[in-house]
Amino acid sequence: MEVPMPDGCILAARVWMPEDAGDKPVPAILEYLPYRKNDYTAGRDASMQPYLAGHGYAVVRLDLRGAGDSEGLMKDEYLAQELQDGFDAIQWIADQQWCDGNVGMIGISWGGFNGLQIAAMQPPALKTIITLCSTDDRYADDVHYMGGCLLGEQLSWASIMFGRNTLPPDPRNVGDRWRDLWMERLEGSGLWLKNWLEHQTRDRFWKHGSVCEDWNAIQIPVYAVSGWADGYCRSVFRLMENLKGPKKGLIGPWAHKYPHIGEPGPAIGFLKEELRWWDHWLKGKETGIMDEPTLRLFMQKSVAPKGWHESREGRWVAEPSWPSPNIDRTSFHLGADGILGRDKPSQCGALTHQSPLDVGMASGKWCGYAKPGDAPIDQRGDDAGSLCFETAPLETPLEMAGDANLTLKLSVDRPMAQVAARIVDVDPNGRSTRVSYGVLNLTHRNSHEHPEPLEPGKVYTVTVPMKHVAQQFAAGHRIRLAISTSYFPMIWPAPEPVTMTLHTDGSTLELPLREPVAADNTLADFLLAEAATALETEQIEEPDCYWEIVNDAETGAVEMRLADGAGLYKIVSNDLTVKNQGYERYRIHPDDQSSAEGEVFWECGFKRDDWSMRSETATRLTSDKDDFIIEASLKAWEGDELVYSREWDKRIPRNLV
């Protein structure tokens with residue numbers, strides 16, 4: 001279906017609806033993405049959208065301008081044009097004969113982002129949204145920067161979109177125009193990694209689309225969802241705290257996935273949960289969903305460290321609001337003898353530390369996708385290069401829910417430094433599982449917008465915010481706090497070697513402790529997961545999927561290598577063969593800041609009958625004391641003919657990062 005924009009650009013949509021919707025209009029649900037409705041998300045859409053249509057909704061999957069079969073050009077994430085197109089599309093949907101004028105919006109990740117952003121624009125027909133794995137703050141809580149530190153995930157994500165932006169519309173759907181539209185994309189989409197590295201502080205670039213800039217702009221009901229293994233669970237808490245209208249929050253054990261296919265499990269019947277929300281807010285039915293607690297969390301039990309978990313043990317708990325009256329924020333003091341305890345330490349002093357630069361190789365991904373290896377592995381290797389403090393074995397289980405905060409009194413010997421902190425669950429055998437973590441660029445200690453160099457030797461008191469989690473520590477286990485001066489490849493290293501002096505007197509870890517409450521026992525179980533019929537595909541070549549950490553015995557360098565993708569497969573319904581395979585590599589020498597490098601390669605392609613195309617994109621990020629250095633290349637073939645080739649070589653000054 002074609003959705004015309006006011007400027008004449010045509011966006012491509014696919015719509016599922018009840019057979020009689022033309023005579024009996026129904027509410028509509030919009031999902032608005034750049035991820036290509038006819039191929040890349042076709043399988044996922046087939047499992048969801050017909051299900052909702054079968055329960056009385058028109059479901060619209062809309063390709064962003066410049067993506068999939070839509071006309072135009074997509075030059076970056078969440079630009080004003082994208083949001084205005086979404087605003088206009090909602091009005092177009094509401095005006096259709098098959099729509100009763102009420103529209104909801106749902107999306108995971110990108111679609112969760114623009115759901116919040118478009119809700120803040122207040123289109124009249126948009127009555128409610130469900131936002132999954134998204135953020136209210138594009139600078140402080142996205143794949144780009146964390147605590148003012150450059151995330152390795154920025155390179156990864158920029159490279160994924162670099163590859164996807166090379167893909168053309170489907171000739172079967174747009175006809176002979178496909179090649180002109182393709183060339184426009186190849187020439188005009190740009191190098192997004194360069195865009196993002198040119199904005200290293202929280203400037204106007206990042207404030208745009210960050211709904212935390214004006215919470216009052218969102219006036220419709222919001223259901224916010226994430227998982228502990230996802231990168232975006234923190235935003236659910238902020239949305240629950242700051243939104244003024246009706247709201248609900250849900251966080252399970254999941255990675256970056258819809259909860260009905262959630263991993264680590266248990267998955268839940270989220271499509272049924274959706275229907276309860278939509279029926280209440282779009283059809284005016286009393287489903288009881290707003291009588292339930294505002295926030296529902298999965299309290300995870302202790303688990304042995306592993307790079308992938310099929311499922312997590314635990315239970316659901318309820319919070320009436322956030323901040324919750326059930327949380328007791330409790331200080332644990334750091335002792336110079338390495339003890340972490342509630343009592344004032346018997347020994348205080350100054351501890352000097354410099355971490356080897358390969359601390360962080362056990363970190364997994366900033367945003368987990370439930371792929372083997374992307375969860376944090378045993379932390380003992382990283383702990384060996386960190387300054388550690390530890391409780392005595394717990395006599396009884398201890399539970400926390402929310403965000404820990406680490407207050408550190410410290411000095412450093414360089415004008416630019418960073419600190420990483422991890423909360424680790426240590427079992428009686430010494431196996432160590434990361435529970436939460438936080439990082440801070442110390443030049444951002446007062447502001448992400450206006451960083452300030454450090455004065456070497458001066459003592460500062462800083463707060464390192466930690467990622468939210470609900471976690472039970474088992475009896476007999478110990479809680480370890482591990483502090484390091486680097487955390488690669490999770491964050492890019494500081495430009496020079498840094499020695500930190502930590503003053504334990506005045507340094508505390510505040511944990512959000514939670515005792516079980518009666519309301520936990522009154523929660524109804526989620527219904528079992530179900531979905532519509534799966535899309536029929538034929539796997540032609542299995543994808544490369546691995547995650548390995550390699551120590552170079554000759555040079556001393558350490559390297560993280562991973563492969564991911566879908567391999568080569570055919571979508572039976574449209575006879576399209578799809579290629580999607582990527583490789584990432586992050587390498588560093590433990591004693592050399594300038595040795596940090598990351599490389600990402602993607603191969604993408606389509607084939608049907610005698611038509612085919614493929615592309616290869618490669619991105620390499622390195623740095624020296626003064627600059628970030630990007631080397632990138634793009635090649636595209638039509639059949640066997642190379643039809644486009646371009647290279648980039650950019651240096652971007654470091655701005656206290």
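**Close-up views of a predicted model**

**View 1. Ser109 sits in the loop between β5 (99-108) and α3.** Helices (H or I, at least four residues) and strands (E, at least two) are DSSP runs, numbered from the N terminus. The model is predicted: local features need pLDDT of at least 70, side-chain atom pairs count only at pLDDT 80 or more, and totals for chains, interfaces and linings use all residues. Residues are numbered from 1 along each chain as its sequence is written, and side-chain values use heavy atoms, with hydrogens and water left out. Ser109 is not a glycine, yet its phi is positive, near 65°. Its relative accessible area is 13%, so Ser109 is buried (under 20% relative accessible area; exposed is over 50%, partly exposed in between; 1.4 Å probe, protein chains only).

**View 2. Helix α3 (residues 110-119) is mostly covered.** Of its 10 residues, 10 are buried. Among them are Trp110, Phe113, Leu116 and Ile118. Gly111, Gly112 and Gly115 are also on the buried list.

**View 3. Two cis peptide bonds: Glu263 to Pro264, and Gly265 to Pro266.** Omega is near -10° for the bond from Glu263 to Pro264. For Gly265 and Pro266, omega is about 10°. Pro264 lies in the loop between β10 (247-252) and α10 (270-282). Pro266 is found in the loop between β10 and α10.

**View 4. Four strands form an open sheet in the order β16-β23-β19-β20.** The pairing is antiparallel. Two strands pair if DSSP finds at least two bridges between them. The edge strands, β16 (387-390) and β20 (432-441), each pair on one side only. From one strand to the next, the twist averages 20° (axes are lines fitted to C-alpha atoms, for helices over the stretch in contact; angles run from 0 to 180 degrees between N-to-C directions). Four bridges link β16 to β23 (residues 478-484). Cys388 stands opposite Ala482 in β23.

**View 5. Strand β30 (residues 611-623) pairs with β29 (residues 592-608) and with β31 (residues 627-638).** β29 and β30 run antiparallel, joined by 11 bridges. Cys604 has Ser615 in β30 as its bridge partner. Two residues lie between these strands in their hairpin, where Asp609 takes a positive phi near 50°. β30 and β31 are also antiparallel, over 11 bridges. Ser615 stands opposite Ala636 in β31. The hairpin from β30 to β31 runs through three residues.

**View 6. Asp575 lies in the loop between β27 (558-571) and β28 (576-589).** Asp575 is not a glycine, but its phi is positive, about 55°. Its relative accessibility is 25%, so Asp575 counts as partly exposed.
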